[in-house]
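Dear colleague,

Please find the structure below, handed over for your study. I would ask you to keep it open while reading the notes that come after it.

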Amino acid sequence: MAGLPRNGQRQHGLQAPLDPHQVGTFVVITLFAVTCYSLFVPIIISDVARGVLVGIYSALLAIVLYLAYATTQSDPSDAGLKGSLDGELFCSMCEVNVSSSAKHCRACNRCVEGFDHHCKWLNNCIGHSNYRSFFLLVSATVTLLTLQLAWGIWLVTVSFTQKALYQLRALSVYGSSFSYVGWQVGLFLLIVLLAATICMLGELLVFHMVLISKDLTTFEYITAQREIQMNTQQLPGTGMGARSALCRNNRVADEAMLANVDVPKQRVKVCRRRRHVCQ
């Protein structure tokens, strides 16, 4: 893989060096897929049920892999880094004019238009140009793993309720050296891992659904939370009216609602001071 171009600026997540979290993501998805095709599929007795489940699972897996590749290899850099001269702000790190929605990512060493966050699991920034594919990727992955979890729970259940039938099926598929109890233990451990992964990704999915409904980015939400914390610490015991006079982003009210933080009912004062994009 090529090194980082543009004075060390990353263009996409497939450029070296790869992030350990990115490698770990690939390993985990591979583990889930391999165990599904090796432990889940062969044990199903009905040819029709097996064909339907394999078809749905394979289609979802293909969608997840495509979206992962599309999101990782996309370049969300600001247009100023691609030759545009229409930016409203100047970034001294990139040494170009960038849009007002851009933020400089220190991990990628570039300004990203519509910056949402830097995803270490994909080794790439998520911004205006690849947020849609990122959201679809999380949604598709949760759907894929939920299907596999339900499939695994069903297999564990029938392995006990119809033990004799599935023992014969396992022996015919894997041979006499196959350990039925070992297979059941393996299924149980995999179910636990699947459930934990779904909980983490499900929480992320719900979080971004809320952000979308509020028309916020992750960066805007985090910035507002820090500002609310800072203002609360700086003004202990002050009332709601004192907070409303502070200079802040006009989306603080919406962001505070996400964190169940009380905000004044009146419109907060908007700070229109021109700021440098690279803070």
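The following notes cover the nonpolar cores, the aromatic rings and some backbone features.

This is a predicted model, in which local features need pLDDT of at least 70 and side-chain atom pairs count only at pLDDT 80 or more, while totals for chains, interfaces and linings use all residues. Residues are numbered from 1 along each chain as its sequence is written, and side-chain values use heavy atoms, with hydrogens and water left out.

I begin with the cores. A nonpolar core is a set of buried Ala, Val, Leu, Ile, Met, Phe, Trp, Tyr and Cys residues joined through side-chain atoms within 4.5 Å; buried means under 20% relative accessible area, exposed over 50%, and partly exposed in between (1.4 Å probe, protein chains only). The largest such core has 41 residues, and those with the most contacts inside it are Phe40, Ile43, Tyr57, Phe134 and Trp151. Among the elements that give two or more residues to this core are α2 (20–40) and α3 (47–73), but α4 gives the most, with 14 residues. Helices (H or I, at least four residues) and strands (E, at least two) are DSSP runs, numbered from the N terminus. Apart from this core lies another, of seven residues, including Leu81 and Cys94.

Next come the aromatic rings. Rings of Phe, Tyr and Trp (its six-membered ring) pair if their centres lie within 6.5 Å; planes under 30 degrees apart count as stacked, over 60 as edge-to-face and the rest as tilted. The whole structure holds eight aromatic pairs. One of them is edge-to-face: phenylalanine 115 and phenylalanine 219, at 5.7 Å centre to centre with 80° between the planes. Phenylalanine 115 lies in the loop between β4 (110–112) and β5 (117–119) and phenylalanine 219 in helix α7 (residues 218–234), so this pair ties together parts that are 104 residues apart in sequence. Phenylalanine 115 is buried, at 8% relative accessible area, whereas phenylalanine 219 is partly exposed, at 31%. Ring pairs also link Tyr37, Phe40, Tyr57 and Trp151 into a cluster.

Finally, I turn to the backbone. The peptide bond from alanine 16 to proline 17 is cis, with omega near 0°, and proline 17 is found in the loop between α1 (5–8) and α2. Glutamate 95 has a phi near 60°, a positive value in a residue other than glycine. Glutamate 95 is exposed, with a relative accessible area of 61%.

Yours sincerely
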